[in-house]
Amino acid sequence: MASLDNKPELLFADLPVGRAFKTLEYPVTRALVQEFMETAGDFHPLYQKDLAPPGLAAIYARLSYLQDHTMPSGGVLAKQEFEFLNPAKIGDILKVQAKVIESLLDEKERKRVTFLIEAQDQKGMPVSTIRLYAIWPK
């Protein structure tokens, strides 16, 4: 089923092990950082200068595999692991790559998917590695 923005749902059948999604280019703008700080209520002085809040990783991680799809309702984010390697800075354009590293039915017939999501800045410096574990709804 397609959503209102005409993107199809990302289904479990679309998530075999090894699937790599197209690289997401994620510009870290001052406006984005300001909006994040206001939403999160995190006004750390470092973000007032040139650093981006590490919490942005949760946003670009999800966007990396949902660029051309919508998320079916009813999924469960089971766990996320973040490894921050270098800070993202305002003005960076992050290149974010998601791939499926696990896709299986567990003993209770739940559809489990694990993504490995890696981000680097425009110079190729690693910024973060994220492992996202989900129970997929469809």
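**Pocket, sheet and a loop residue**

Reply: Sorted by class, the residues lining the largest pocket comprise 15 nonpolar, one polar and no charged residues. Please keep in mind throughout that this is a predicted model.

Me: How much space lies in the largest pocket, and which residues are closest to its centre?

Reply: The largest pocket holds about 160 Å³ of space, and among the 16 residues that line it, those closest to the centre are Ala 52, Pro 53, Pro 54, Pro 87 and Ala 88. As for elements, α2 gives the most to this lining, contributing three residues.

Me: In what order do the strands of the sheet come, and which of them stand at the edges?

Reply: The five strands form an open sheet with antiparallel pairing, in the order β1-β3-β4-β5-β2. Because β1 (24-27) and β2 each have a single partner strand, one side of each is left without a neighbour in the sheet, and these two are the edges. From one strand to the next, the twist averages 25°.

Me: Is His 69 buried or exposed?

Reply: Burial is judged by a cut-off, here under 20% relative accessible area, and His 69 counts as buried because its relative accessibility is 15%. His 69 sits in the loop between α2 (56-65) and β2 (76-84), and, leaving aside residues up to four places away in sequence, His 69 touches Lys 7, Pro 8, Glu 9, Leu 10 and Arg 19.

Technical notes: Residues numbered from 1 in each chain as written. Predicted model: local features only at pLDDT ≥ 70, side-chain atom pairs only at ≥ 80, totals over all residues. Heavy atoms only, no water. Helix = DSSP H or I, 4+ residues; strand = E, 2+ residues; numbered from the N terminus. Buried < 20%, exposed > 50% of the residue type's maximum accessible area, 1.4 Å probe, protein only. Contact = heavy atoms within 4.5 Å. 1 Å grid on protein atoms, 1.4 Å probe; cavity = no way out; pocket = protein on both sides within 12 Å on 5 of 7 lines; lining within 4 Å. Points joined across faces, edges and corners; volume = space filled by probe spheres on them. Nonpolar A, V, L, I, M, F, W, Y, C, P; charged D, E, K, R; others polar. Pairing = 2+ DSSP bridges. Axes fitted to C-alpha atoms, helices over the stretch in contact; angles between N-to-C directions.
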